[in-house]
Amino acid sequence: MDFGLAAAILVLGGIVLFHEFGHFLAARLFGVGVVEFSVGFGPRLLSHVSKKSGTRYSLKLFPLGGSCAMMGELEDEETEAGEERLENTGAAGKDTAGELLGGSFLEQSPIARFCIIAAGPVFNFILAYVLAVVILSWAGYDAPVLVGTTEGQPAQEAGMAAGDVITAIEGRSIHFSRDIQLYNLTGDGSPMEVAYKRYEEASGRWEERSTVLTPIEISGQHYFGFQLAGYRQPVESVPRLFLYGVYEVQFWIRSVVDSLKLMAAGRVSGDDIAGPVRIVTIIDETVEQNLSYGFVTVIMNLFNLTVMFSANLGVMNLIPIPALDGGRLLFILIEMIFRRPVNRKIENAMILTGMALLMTFMAVVLWNDIRFLLP
């Protein structure tokens, strides 16, 4: 198997599997029976039923992702769960696996169900954070430090200079030079307040400053005239390393949210949306481009992609669409507010409708991927 393709399967499959593992652990914590936990999807290749818990652990044909089927996740799943229990028994009804340990998902309190559903996206953020800390410890970070300003552009005219450290734009905290580039990408050209600090030799301390800059537009892009350092610097201490891990995940969450805003505003074309085929291509190209730099470099770049995709999956799953975790969380919040559950038939119908719409959208994205890659 091609190494790049294998890496893509490990990255994408691992992200989805970790998401489902979050649901699995939370379900166990709150006493919900897990009918089946699967690695991959499609037909089963290998399967084992735990004698202690009654949960079936499966390895399936297609190695991307996994699933966590809980007892009574939807009302019409009670029958399926019962059939699964029968599968877990041996000949003549002799129980070889034991009873499925735990109760129904729908029998749990709203808070318990909220935590179980939220655990998937939360685990995506945890995975992104852990790998971000690893990357930062190895490669450092791109500090938002100016090495100069472009002549005749807003930053120079406002008196900014090399050595200035940008700390915020329009009240939005800046921790990396990428934060500035992201703001440039999503900005609309309006005047912006830029906060920065400058080291004063006379006083021997950092002085907080701010100015208002109106970016200029060049070829559809907005520029302040910042010249940013093209290198990464080491994180100064272990506490700051853990803190910058948070900032790294925050950056990728912001990038997803900002991208969604651009899509809603019609400022993103179909060519800018990458589906699974193009994501696999991106991972494959990343591997090929970094192989000459050594195995560790390849792994770190794959970790970086995993941080980005995992944070992306976490955010996207929280969108309040019925087919996604965010939609189910919304139903539970409504139940908490009005102190009665949403009609299960209505909820199930909306989830199935949302799933159909999501599948249609994914089909369009998949076709767009194929069209983009065709010569």
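Begin by selecting R254, which, leaving aside residues up to four places away in sequence, touches R172, S173, D179 and L182. The model on screen is a predicted one, and every value in this tour is to be read with that in mind. R254 sits in helix α6, which spans residues 238-264, and its relative accessible area of 16% places R254 among the buried residues, because buried means under 20%. If you display the backbone of S173, you will find its oxygen 2.8 Å from a polar atom of the R254 side chain. If you then display the side chain of D179, you will see a salt bridge with R254, in which the closest N and O atoms are 4.0 Å apart. Since R254 belongs to helix α6 and D179 to helix α5 (residues 177-186), this pair ties together parts that are 75 residues apart in sequence. D179 is itself buried, with a relative accessible area of 3%.

**Other salt bridges**

How many salt bridges does the structure hold? There are 12, and as background, side chains of opposite charge can pair when their charged atoms come close.

Select D164 and R198 next: they form a salt bridge whose closest N and O atoms are 2.7 Å apart. D164 is in the loop between α4 (154-157) and β4 (165-169), while R198 is in strand β6 (residues 192-200), so that the pair links distant parts of the chain, 34 residues apart. Are these two residues buried or exposed? D164 counts as buried at 1% relative accessibility, and R198 likewise counts as buried, at 16%.

Move on to K60 and E36, whose side chains meet in a salt bridge with an N to O distance of 3.8 Å. K60 lies in strand β2 (residues 56-70) and E36 in strand β1 (residues 34-49), and the pair, 24 residues apart, links distant parts of the chain. K60 counts as buried at 15% relative accessibility, as does E36 at 9%.

**The cavity**

A search of the whole structure finds 1 cavity of 30 Å³ or more, and the largest cavity holds about 90 Å³ of space. To outline the lining of the largest cavity, select E73, F105, L106, R113, I117, R328, F331, I332, E335, V342, R344 and E347. The elements that contribute two or more residues to this lining are α3 (110-139), α9 (325-338) and α10 (344-373). Which element supplies the largest share? That is α9, with 4 residues. Colouring the lining by residue class would show 6 nonpolar residues, no polar ones and 6 charged ones.

**A buried methionine**

M300 is buried, with a relative accessible area of 13%. Apart from residues up to four places away in sequence, M300 touches V134, I135 and W138. For a distance check, select N290 as well: M300 and N290 are 10 residues apart in sequence, and their C-alpha atoms are 9.9 Å apart in space.

**Two positive phi angles**

Most residues other than glycine have a negative phi, which is the background for the next two selections. E170, found in the loop between β4 and β5 (172-173), has a phi near 55°, a positive value in a residue other than glycine. At 44% relative accessibility, E170 counts as partly exposed. R339 lies in the loop between α9 and α10, and its phi, near 60°, is again positive in a residue other than glycine. Is R339 buried or exposed? R339 is exposed, with a relative accessible area of 77%.

**The whole chain**

Finally, clear the selections and switch to a cartoon view, in which the protein shows 10 helices and 10 strands. Buried residues make up 43% of the 375 residues in the protein. Of the contacts with a separation of 6 or more, 68% are between residues 24 or more positions apart.

Note on methods. Residues are numbered from 1 along each chain as its sequence is written. This is a predicted model: local features need pLDDT of at least 70, side-chain atom pairs count only at pLDDT 80 or more; totals for chains, interfaces and linings use all residues. Side-chain values use heavy atoms; hydrogens and water are left out. Buried means under 20% relative accessible area, exposed over 50%, partly exposed in between (1.4 Å probe, protein chains only). Contact means heavy atoms within 4.5 Å. A polar contact is a pair of N or O atoms within 3.5 Å; within protein, one must be able to donate a hydrogen and the other to accept it, and residues adjacent in sequence count only if both atoms are side-chain atoms. On a 1 Å grid over the protein atoms alone, a cavity is a set of points where a 1.4 Å probe fits but cannot get out, and a pocket is an open set with protein on both sides within 12 Å along at least five of seven lines; lining residues have an atom within 4 Å of a point. Grid points are joined across faces, edges and corners, and a volume is the space filled by probe spheres set on the points. Ala, Val, Leu, Ile, Met, Phe, Trp, Tyr, Cys and Pro count as nonpolar, Asp, Glu, Lys and Arg as charged, and the others, Gly among them, as polar.
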